[in-house]
Amino acid sequence: MKARTNVLGLTFSYCLALVGVGLSASAALGQAGALIEAEPAAAISDESSRSGVAVSLLPPELLDAIDELVDPVEGDAPDVFAIEASVSGGIQVAFLPEELLEGFDWGSFLEDAELLAGRLEEFRIAICHGLGPEMLDGQWHEIPGGQVRLLDPSLADALVAALGPDYELPLLDGALVVYAARECDPSAEMPDLFDGAGDNQAFHGEETPEEPFAKTELVPEDAGIAPEDEVAMAAEQVAAINNALSNLSAVDTVLLPPFDIEAARQEDAVRRAENLPPRFALPYPVSISPFTGGTWEMLDDETAVWRLRIVSPGALSLNLGFGAYRMPAGGRMYIHATDQSYVLRAFSDADNQDHGQLWTPVILSDDIVLMAVVPVDALDKVQLELITINHGYRFFGEDSGGRAGSCHVDVVCDEGNRWRSEIPAVGVYTVGGVWRCTGCMVDNTSHDQTPYFLTARHCGVTAENAGTVVVYWNFESPTCGQHGGGSLSQFTSGSTFRASNAASDFTLLQLNARPNAAWGVTYAGWDRGTGNPSSAVCIHHPDCDEKSISIENDPLTTTSYRGTTSPGDGNYLRVADWDIGSTEGGSSGAPLFNSARRIVGQLRGGDAACGNDLSDWFGRFSRSWTGGGTNATRLSNWLDPGNTGATTCGPPPVPPTGVSASDGTYCNYVRVSWNSVTGATGYSVWRSRSWNGTYTMIGAVYSTTYDDLEATPGAVYWYKVRAHHQSFSMPSGFSNIDSGYRPARPATPTGVSASDGTYCGYVRIAWNHASGATRYKIFRSTSAHGTYALIATDNASPYDDTTASAGMTYYYMVQADALCPSDFSSYDSGYRPSGVPAALTGVTASDGTYCSYVRVSWNSASGATAYEIWRSTSPDGVYLQIGTDTASPYDDTTAVANRYYYYRVTATNACGRSSFSSYDRGHRPDLPAAPTGVSASDSSYCGYVRITWNAVSGATSYKIYRSTSATGTYTQIGTDMASPYDDTTAVPGTQYYYKLKATNACGDSAFSNYDAGRRRVCD
């Protein structure tokens, strides 16, 4: 195990590596209990001459076994995860049989996984797809940047079993995806992963979608929440905090004195004559910190808030400079107009810089609030010192009519169409919050998106004030010819001075952070050749107005600054006169592009302006390349860090054209397609919920189609695309925009019912109409929770299932169908009858049991849906149907009292009527007559008095009453079904009087006559 310490000391620099979607190295090592071993690459490769390290989830004793089981290039792959990471050879992925794992104690290797966790940040592990089903042959296939191989589908199940169910394996029709970048530059550093984009897409119905390409750095590290969302979030937080605290009128206020604006404008005229960058604000030095001014309040027990109000009457804008800025984790700073009409995004610890400064963009208000929200336990870590308040008196916030000349052409106009990938690279910037110029993002030969920013030396940026630079991106007119309406919400604050030289008037800065990828900022290419361009384009901010484009269609000449003789000192390119547009103050530092769309210089100055045909001079990029011969005075070591000797770099690819998003064409996704871009190695796809809303990158592919599986059905989205090349690190500008949508699913059918024997030849399935349905699919199963098979498609309810077997119960579900099907309905059971029911048995009719009806009962018949009741007055007479019922019994309320009837019953269903059942006789009673012949014994019996009477027709029982006098009160003493009744309760020798009532279902008769009797006295 000696090699462990060696591996922990290595720095890995891979071109590409694939573990799998959702299967990162850290996840795999953390779950499996892994170790890392430094071994020769030949341990698991047939290329024994290669050097490198082996990174495995397996103990080192198993590594030697790999070579016996799998050739990384050919042959079958084994079953459990392992990686070979070779500096010269890229990445190989292999899988070992499970039997090799038996007997190993994984627990002893857990500490190695913990040690490795701290090193994983140095692994540049990306995910690479772009695969098609034609690659399902187990062989290696060439793809951009390397090779790809799809392994046997059975290996996926083995991998899940070995590593657990939480992994998302990259599957293509069940095959496990394995990628190897074998032809890569070992010296090239792999860009970081981007967050949340290009997730693996599951395969679906109509066609196989493209998989995302390798997750290289298409989104910079600072890209998280889109800036427009950050501003909206900040506005909500500012409102909530201010509402919870004292009114702003009670907050300490800094009131700036009046400024002599007329004097400032006279100074500006002198500055213009001296070719100095235009000034837009006047500084007001201060020294204020949260501990020397402002107002502190407690937001809650754990959060303190410091606020300072700043008022400079008449200012078009205000911006702030902090000589010290250090925000602790959890703290944030807000700046907003007092009326909250203008709010900047929150500043946090992510804005802390080594130089310790922070310079803000402008706030278009003359009355603002500075607010710091800090955890109480971090108050001692706050460093804020406001050193300048800058009073804006022109340009920003000024009516566009008083700014740049009318000849300038907005970049949104057709003249800018060929330059859509260069326009986003250009930005307007401020220095010290006071003056402004133009500059441009510039690429380097490593294409690693180092945020180099090229501008003019005379704009005054130095090593001392570079931290005060604030660059505004996409400050452009929304419509052609508007010359206004641009947004200042996209900005990057702070930079580091890299190089400058007076001879060609260049300055190179490195911004503190890459611009947010959502802004679409690009990196311009360059040409350090010495030839004169045959034509040129300048993209600039005239008088720091919204971005414009100027075009020169004639050849340029090499001269001295303001010279007309060629070559002069050779430091400048002269544009004799602009054919379209012009330049003016604020355009200084703007890039000059040749016809190949590469930078050949930056604007020094000249006399060109709207209304004249005078010249401009641009410092030659070729002279700036070597500059003064040192790192601090030349471009070469910054823009060619690998000393490749390249004479050109870039340009970025042109934006894709023909972007089209499907309008409800596909059920499970929106398909976005576009025209191929020459030289592009991949494309990133961006989406928004509105045409001019916040766009988020949702995926990246090699091909010219992308299927958006995450689109909400029925919602309209807007899409645009960027092309990439140079290992996906060089983006184009954004494409045109097109909207598309995934069709909404129809409503799920309700009210599904299947007929229960209602129809002889079929089961009828009915349902309620479902909104959005164009047709319906009917599914059937033989059990409620079994497998449902599609049996038919119908345009509307109902559907008759004629294929149902007679007498078998089925379960039915319905699905509404359009382009996309609905969810399944709830099920209902139904059946079709087996045939005509059999004749009924067990028919009985009640004989006087019920007063008001005759009750007819029978045994149920299989398959019967109803029963018909028939009646006659004689056994063999004519039977008439008197009623129908769905089940036994049936009560014949039409029977006449004390008349006997004969009853038969038939069973029916959809197939017909059964034969008649046997008959049974029944009747319903009337009130019985009073009993006659009542007689009570006189001392005839020793133990009782015996009462007798004549039977009464229709009586079912008799009630016996007794009194001690003939006309006294009679009390019931018993009930009997028939004569006689023995009164055993009579007292011997006592005279009693007896009466009776006959009873049946209809009630009691009147009293009978009484008769006296007594019980004999016995010894």
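Start with the largest pocket, which has a volume of about 1,200 Å³; a pocket here is an open set of points on a 1 Å grid over the protein atoms alone, where a 1.4 Å probe fits, with protein on both sides within 12 Å along at least five of seven lines, and the volume is the space filled by probe spheres set on the points. Select N474, E476, W691, K720 and I737, which are the closest to the pocket centre among the 36 residues that line it, lining residues being those with an atom within 4 Å of a point. The lining divides into 15 nonpolar, 16 polar and five charged residues, with Gly counted among the polar ones.

The model is predicted, with local features requiring pLDDT of at least 70 and side-chain atom pairs pLDDT 80 or more, while totals for chains, interfaces and linings use all residues. Residues are numbered from 1 along each chain as its sequence is written, and side-chain values use heavy atoms, with hydrogens and water left out.

Next, turn to the disulfides, of which the whole structure holds seven, each defined as a pair of cysteine sulfur atoms within 2.5 Å. Select C407 and C610, joined with an S to S distance of 1.9 Å; the link is left-handed, with -80 degrees about the S-S bond. C407 sits in the loop between β17 and β18, and C610 in the loop between β32 and β33, 203 residues apart; strands are DSSP runs of E with at least two residues, numbered from the N terminus. C407 is partly exposed at 28% relative accessibility, as is C610 at 27%, where buried means under 20% relative accessible area, exposed over 50% and partly exposed in between, with a 1.4 Å probe and protein chains only.

Move to C437 and C459, whose sulfur atoms are 2.1 Å apart in a disulfide. C437 lies in strand β20 and C459 in the loop between β21 and β22, so the pair ties together parts that are 22 residues apart in sequence. C437 is buried at 0%, and C459 is likewise buried at 0%.

For contrast, select C538: its sulfur is 9.9 Å from the closest cysteine sulfur, in C440, too far for a bond, and C538 is buried at 0% relative accessibility.

Finish at the open sheet of three strands, ordered β50-β51-β54 with antiparallel pairing, where two strands pair if DSSP finds at least two bridges between them. β50 (844–845) and β54 (890–892) stand at the edges with a single partner strand each, so one side of each is left without a neighbour in the sheet. T844 stands opposite S857 in β51.

Terms used. Helix = DSSP H or I, 4+ residues; strand = E, 2+ residues; numbered from the N terminus.
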